[in-house]
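Trainee: Could you walk me through this model? I would like to learn what the words we use for it really rest on.

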Amino acid sequence: MAIKADLHLHSSFSGDSTAPMEEMILKGTALGLTAMCFTEHSDPDYVYENPEEEGMFELNTDSYLYELIRCKEKYAGKIKLLFGVELGVQPHISQKLALYAKSYDFDFIIASSHLCNRKDPYFPSFYKGRGDEEAYREYFTSILDNLKAFDHFDVYGHLDYVVRYGAAKDNNYSYDMYKDIFDRILETLVEKGKGIEVNTGAIGYQLRELNPCTDIIKRYKELGGEIVTIGSDAHAPKDIARGFDRAAQILGQCGFRYYTVFEKRMPEFHRL
């Protein structure tokens, strides 16, 4: 396996995972990883459709960091454990997110779009009364709004995340269909010195491609982008590093010779 660092992982400190952090680490070491970054969910002002889930994506960062420090000490010399977070970005909370990002010594920050104009694409209500193309276009446009409002991140996560949940998923979807928006997104990321994530979690959603699709990755490279991290988006040990050989092959096809690992918010480049 050419890629030895999984930079998108969730444990029981994320509301949608029950996996103990230590079990995740043991699986990572068994797979031969040299680095793992936990990127627990922090989605302030998330809109909950189910009242019983209220507060699910509010991260107790201090408790999370305490356990991570304990594990770092226990597994020192065996694997590098990094302190990350996945921020659910919305323009109206950009200042709050910026203050939070500065409040801790994170190694790595993923910016993700989990809500689009106060709606979660995970739920059927996001697509009600319209086709996938209209819904997807609204989602991609909202990423541009987030980029205008927020800078305190290292990579943008799973740029075409929305295709996981549409009626046809990514069967009738391509970069070319939304080229006008994607090029503006990618140009903005390159101008800001930000990276993109190749998220292999798409495999669990029976998609044709990873998130984002290959043509987006290729276009990012054409526009001068060099920073690409790889994350499984695993919420359970069984999914750690899933599809990493496939991700390495795609990166090579797109012209990348290195993948990126962040430590103390600084990129380190590792040969594929």
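Mentor: Gladly! Buried residues make up 55% of the 272 residues in the chain, where buried means under 20% relative accessible area, exposed over 50%, and partly exposed in between (1.4 Å probe, protein chains only). This is a predicted model, in which local features need pLDDT of at least 70, side-chain atom pairs count only at pLDDT 80 or more, and totals for chains, interfaces and linings use all residues. Residues are numbered from 1 along each chain as its sequence is written, and side-chain values use heavy atoms, with hydrogens and water left out.

Trainee: What makes the chain as compact as a globular protein of its length?

Mentor: Start with its secondary structure, which comes to seven helices and nine strands. Helices (H or I, at least four residues) and strands (E, at least two) are DSSP runs, numbered from the N terminus. The radius of gyration is 17 Å, close to the 19 Å from the globule rule for 272 residues, so the chain is as compact as a globular protein of that length. That radius is taken over C-alpha atoms, and the rule is 2.2 Å times the number of residues to the power 0.38. Along its principal axes, the C-alpha trace spans about 50 × 45 × 35 Å.

Trainee: Which residues touch the most other members of the largest nonpolar core?

Mentor: F38 and F140 do, in a core of 87 residues. The largest share of this core, seven residues, comes from α4. A nonpolar core is a set of buried Ala, Val, Leu, Ile, Met, Phe, Trp, Tyr and Cys residues joined through side-chain atoms within 4.5 Å. Not counting residues up to four places away in sequence, F140 touches L159, D160, V162, Y173, Y178, I181, F182 and I185. A second, separate core of five residues includes Y46, Y48, F57 and L115.

Trainee: How do you know whether R118 and D233 are buried or partly exposed?

Mentor: R118 has 35% relative accessibility, so it counts as partly exposed. D233 has 11% relative accessibility, so it counts as buried.

Trainee: Where is the cis peptide bond?

Mentor: The cis bond joins N211 and P212, with omega about 0°. P212 lies in the loop between β6 (195-199) and α6 (214-222).

Notes: Contact = heavy atoms within 4.5 Å.
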